[in-house]
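Subject: Structure handover

Hello,

Here is the structure I said I would pass on. Please look through it first; my notes on what turned up follow below.

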Amino acid sequence: MTVLSSTVKPLPPLTIGEFTLPIPIIQGGMGVRVSAHRLASAVGYAGGVGGIATVALSLASKYYNKGKDYYKANIKALADELRLAREISPRGIIGTNCMVAIRDFEAMVRTSLENGAQFIISGAGLPLRLPEFAAANPKAALIPIVSSLRAAVLIAKRWHKLYKRLPDAILFEDPNTAGGHLGADRPSIFSEAFSLERVIPELAQWSRKEYGDEIPIISAGGIWDRGDIDRVLALGAKGVQMATRFICTHECDAAQAFKDAFIQAKEGDVVIIDSPAGLPGRALSSPFTRKLFRGEDVDAKCFATCLSACLCRDQESTFCIARALHQAQQGDLENGLVFTGTNATRHTRMTSVREIFEELNGCTIPPTGTPADGSIGG
Ligand SMILES: Cc1cc2nc3c(=O)[nH]c(=O)nc-3n(C[C@H](O)[C@H](O)[C@H](O)COP(=O)(O)O)c2cc1C
């Protein structure tokens, strides 16, 4: 391991369930297909946890046929993504992000595990039945995303009572800064009560007191540089989840136009939209969001029946989120919705996953596995 900086010390490894992460960084799942096999394998290879977002994964795949057999297509597309990620990074840790709010949540969890996912990270609702869906794969790490201590306590108690197991870690996502759907209603997004400064110490104290520190706390939202990581570790977190930081990497699975929108973003370009999921979402200002704010018509025909409860499908209001996220991922920013965290404007150039890990860790990364296609690196 080559030391690159005399001032930045290597980050401490983190054990979550059966797994030890050489570097305590989880890459946050980014749907639709912003984090698929390329980004996830690169992060796993670099010593973190790579995360494939499972939502509507089939939309850009050969399996998708105008909504016909959408759920079956998602299963096939997810199996492909996991296989490809594993081919590129044979020994890296690869997980999936499965949202409770999507109709095929159970199928996405089961398919992930049947195809070798080692971590399941699950939010957008309380993943109360997650251990049941994962029962055949007891070694996989199950990690709920929460926005409060209350939610963490509820999940841990329910899992213990019904399934005799605990979450392998709890991931707190700060609605003040995180990207995508936010775990707080509009008036509470910027509330101090949901801030990581408040909730991380509460969660860390709860884990220590109730479970002898057995449940590591992971902090997500607004983490960009080593200073941010050190700050949340000092508050009691054992690791971080980062998403926005990985968007302008060569390995990120979105189109170059999607990444360029971040490099061009300016102060004031991060907005809050109302998603058909009934939650606020943080996004980059774009022709699409400007149309939404002006109250102009946007494409609102349900594209994929992806959500369990959807204002677009069920009440013909708002817009089709699967279509909007898919179009952005393909580079169509006129009609596409670009999710982002508050750090969007910090992107100034393209980079690589390796470069980010080396900057954050202060030394060359301890690679886990061989990048079979030679695609990973700076
Ligand atoms: C483009 C984008 C898409 C996202 N999609 C999902 C998703 O599908 N499921 C999910 O649980 N979180 C999603 N998130 C949230 C991230 O996984 C992550 O927790 C959050 O953005 C962390 O904050 P950061 O972006 O400031 O690092 C998304 C975030 C972004 C930026």
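Predicted model: local features only at pLDDT ≥ 70, side-chain atom pairs only at ≥ 80, totals over all residues.

Strand β7 itself (residues 141–146) is mostly covered, with six of its six residues buried. This holds for both faces: A141, I143 and I145 are buried on one side, and L142, P144 and V146 on the other.

The nonpolar core

The largest nonpolar core has 124 residues, and I120, F172 and A322 touch the most other members. The element that gives the most to this core is helix α2 (residues 70–88), with eight residues. Both domain 1 (14–255 + 347–361) and domain 2 (266–344) supply at least three residues to this core. As a general point, nonpolar side chains in soluble globular proteins tend to be buried together.

Leaving aside residues up to four places away in sequence, I120 touches G95, T96, C98, V109, S112, L130, A134, A140, L142 and I143. Two of these contacts, L142 and I143, are among the buried residues of β7.

The two domains

How is the chain divided? It splits into domain 1 (14–255 + 347–361) and domain 2 (266–344). Taken over C-alpha atoms, the centres of domain 1 and domain 2 are separated by 22 Å. Domain 1 puts 30 residues into the contact, and domain 2 puts in 25 residues. On the side of domain 1 that touches domain 2, the residues by class are 16 nonpolar, ten polar and four charged.

The residue V32

V32 lies in the loop between β3 (25–27) and α1 (37–46). Is V32 buried or exposed? It counts as buried because 31 other C-beta atoms lie within 10 Å, and the cut-off for a buried residue is 20 or more. Not counting residues up to four places away in sequence, V32 touches V55, A56, L59, A322, L325, H326 and Q329. One of these, A322, was named above for its contacts in the largest nonpolar core. For a sense of distance, V32 and V270 are 238 residues apart in sequence and 19 Å apart in space, C-alpha to C-alpha.

The ligand shell

How many residues surround the ligand? There are 30, and the closest are G28, G31, G179, G180 and G341. By class, the shell around the ligand holds 13 nonpolar, 15 polar and two charged residues. Domain 1 (14–255 + 347–361) and domain 2 (266–344) each contribute at least three residues to this shell.

Regards

Notes
Residues numbered from 1 in each chain as written. Near = placed C-beta within 6 Å. Nonpolar A, V, L, I, M, F, W, Y, C, P; charged D, E, K, R; others polar. Domains from an automatic or database assignment. Contact = placed C-beta atoms within 7 Å. Core = buried A, V, L, I, M, F, W, Y, C linked by C-beta atoms within 7 Å. Buried ≥ 20, exposed ≤ 12 C-beta atoms within 10 Å, placed from the backbone. Helix = DSSP H or I, 4+ residues; strand = E, 2+ residues; numbered from the N terminus.
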